[in-house]
Amino acid sequence: MGSMSGQVGDLSPSQERALAQFRENVQDILAVLPSTDDYFLLRWLRARSFDLKKSEAMLRKHMKFRKQQDLDNILAWQPSEVVRLYEPSGFCGHDREGSPVWYHIIRGLDLKGLLLSVSKQELLRFNFWSLELLLRDCEQQSQKLGKKVEKISTVFDFEGLSLRHLWKPGVELVQEFFSALEANYPEILKNLIVVKGNWKQELLKFISPDQLPVEFGGTMTDPDGNPKCLTKINYGGDVPQHYFLRNHVRVQYDHQATVGRGSSLQVDNEILFPGCVLRWQFASDGGDIGFGVFLKTKMGERQRAAEMTEVLASQRYNAHMVPEDGSLTCTEAGVYILRFDNTYSLIHPKHISYTVEVLLPDQTSLEKIEKF
């Protein structure tokens, strides 16, 4: 609808008409919207390319979400102690245009520990709480600077990213959050800055040194001189087990099978290029189960374990008590066998549930997050 940006002050005639019509169409909910100015309404229109029907449906769905999450009162909510201490994020300083900066410290993220300690809903709610705090700061900045501030800059520190961050329930939680962000906070992310290796100097292009912690290449410190600004940014870490409320996270599995007494089950996975990540989760019923990963040395025929190259040593897991998960980076192409071993049990068959995935070299959680 025209080549204008769709921002306040830069609307084409057709966009002006769409805005007026949109305001008319949502007249019945204007009183309960968090804002009724043109800036707010245009966010929903831009998110759906000024399609009035789609924009209205998106906003009405968001109002149900606001009620469900009690967003109007969420700033009075307090996250539990384990989330306050170990969710590695924080709001610190403002960028060069006055927008608040939201940090995520991936290296300190122990999603498994957090999900063993609190519900997924609480972790999602913590992020919505953070977003509402950031939006309140945008309002305060707008008054202070005398210009509209409606967007947030986000810094993802990916240094230290490892295979443990590819744990499937954790990746699914991150994806669920980004879906909710896209559906309910459209057009609020301005800069998404990814810190890897020596990217830190890039931050100074967006954030002046006095607004950037020393840890990230600026001059800001805590009042006590701490370069990490710990009063503003939480760097996370491994969640201590005394916070755990359960011993495993409930998982939906893709496959079920029975491994007969005295036998084994082999699950083939063809890896086409080096660098792929093989990821698995499994649980057993009826007792423990052996598990190992092998690389076939001959194609087209079943091989015994002793005839294959052992990649992950086979051992017995109490997967009937605590589900297991793991991953490995495949250093060479070939057929990798996930082998469930019940040869040691002459009496009891084992029922197993499992999920296996192959992530391509460019299909890590980093890229899944970066695309947002």
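Exposed means over 50% relative accessible area, buried under 20%, and partly exposed in between (1.4 Å probe, protein chains only). The model is predicted: local features need pLDDT of at least 70, side-chain atom pairs count only at pLDDT 80 or more, and totals for chains, interfaces and linings use all residues. Residues are numbered from 1 along each chain as its sequence is written, and side-chain values use heavy atoms, with hydrogens and water left out.

**Whole protein**

- The protein has 9 helices and 12 strands; these are DSSP runs, numbered from the N terminus (helices: H or I, at least four residues; strands: E, at least two).
- Along the principal axes, the C-alpha atoms fill a box of roughly 75 × 50 × 40 Å.
- The protein counts 372 residues, and 49% of them are buried.
- Of the contacts between residues at least 6 apart in sequence, 76% join residues at least 24 apart; a contact means heavy atoms within 4.5 Å.

**Helix α1**

- Helix α1 covers residues 13-25, and its 13 residues should span 18 Å at 1.5 Å a residue, which agrees with the 18 Å between its end C-alpha atoms.
- The expected span of a helix is 1.5 Å times one less than its number of residues.
- Ser14, Gln15, Ala18, Leu19 and Phe22 are the buried residues of α1.
- They lie on the same side of α1, because they cover an arc of only 140 degrees around the axis; the arc is that of the directions from the helix axis to the C-beta atoms.
- An α-helix has 3.6 residues a turn, so residues three or four places apart point the same way.
- The buried residues of α1 pack against α2 (38-47) and α3 (52-69).

**Helix α3**

- α3 has 18 residues and reaches 26 Å from first to last C-alpha, close to the 26 Å expected at 1.5 Å a residue.
- Its buried residues are Ser55, Glu56, Met58, Leu59, His62, Met63, Phe65, Arg66 and Gln69.
- The buried residues of α3 pack against α1, α2, α6 and α7 (168-184).
- Lys61 is placed in α3, and counts as exposed because its relative accessibility is 63%.
- Lys61 and Asn184 are 123 residues apart along the chain, and their C-alpha atoms are separated by 8.4 Å.

**Mixed sheet**

- Four strands form an open sheet in the order β1-β2-β3-β4, with mixed pairing; two strands pair if DSSP finds at least two bridges between them.
- β1 (89-94) and β4 (189-195) stand at the edges with a single partner strand each, so one side of each has no neighbour in the sheet.
- On average, neighbouring strands of this sheet are turned by 25 degrees against each other, direction ignored.
- Axes are lines fitted to C-alpha atoms, for helices over the stretch in contact, and angles run from 0 to 180 degrees between N-to-C directions.
- β2 (residues 100-105) and β3 (residues 152-157) pair in the parallel sense over 5 bridges, and Trp102 has Thr154 in β3 as its bridge partner.
- Helix α6 (residues 120-145) lies across β1, β2 and β3 and runs at about 155 degrees to β2.

**Antiparallel sheet**

- Another open sheet of 4 strands has the order β6-β11-β8-β9, with antiparallel pairing.
- β6 (264-271) and β9 (309-317) are the edge strands, each pairing on one side only.
- Neighbouring strands here are turned by 15 degrees against each other on average, direction ignored.
- β6 and β11 (residues 334-341) run antiparallel and are joined by 8 bridges; Asn269 stands opposite Tyr336 in β11.

**Residues with positive phi**

- Most residues other than glycine have a negative phi.
- Phe50 is not a glycine, yet has a positive phi of about 60 degrees; Phe50 lies in the loop between α2 and α3, and is buried because its relative accessible area is 8%.
- Glu187, also not a glycine, has a positive phi of about 60 degrees; Glu187 is in the loop between α7 and β4, and is partly exposed, with a relative accessible area of 29%.
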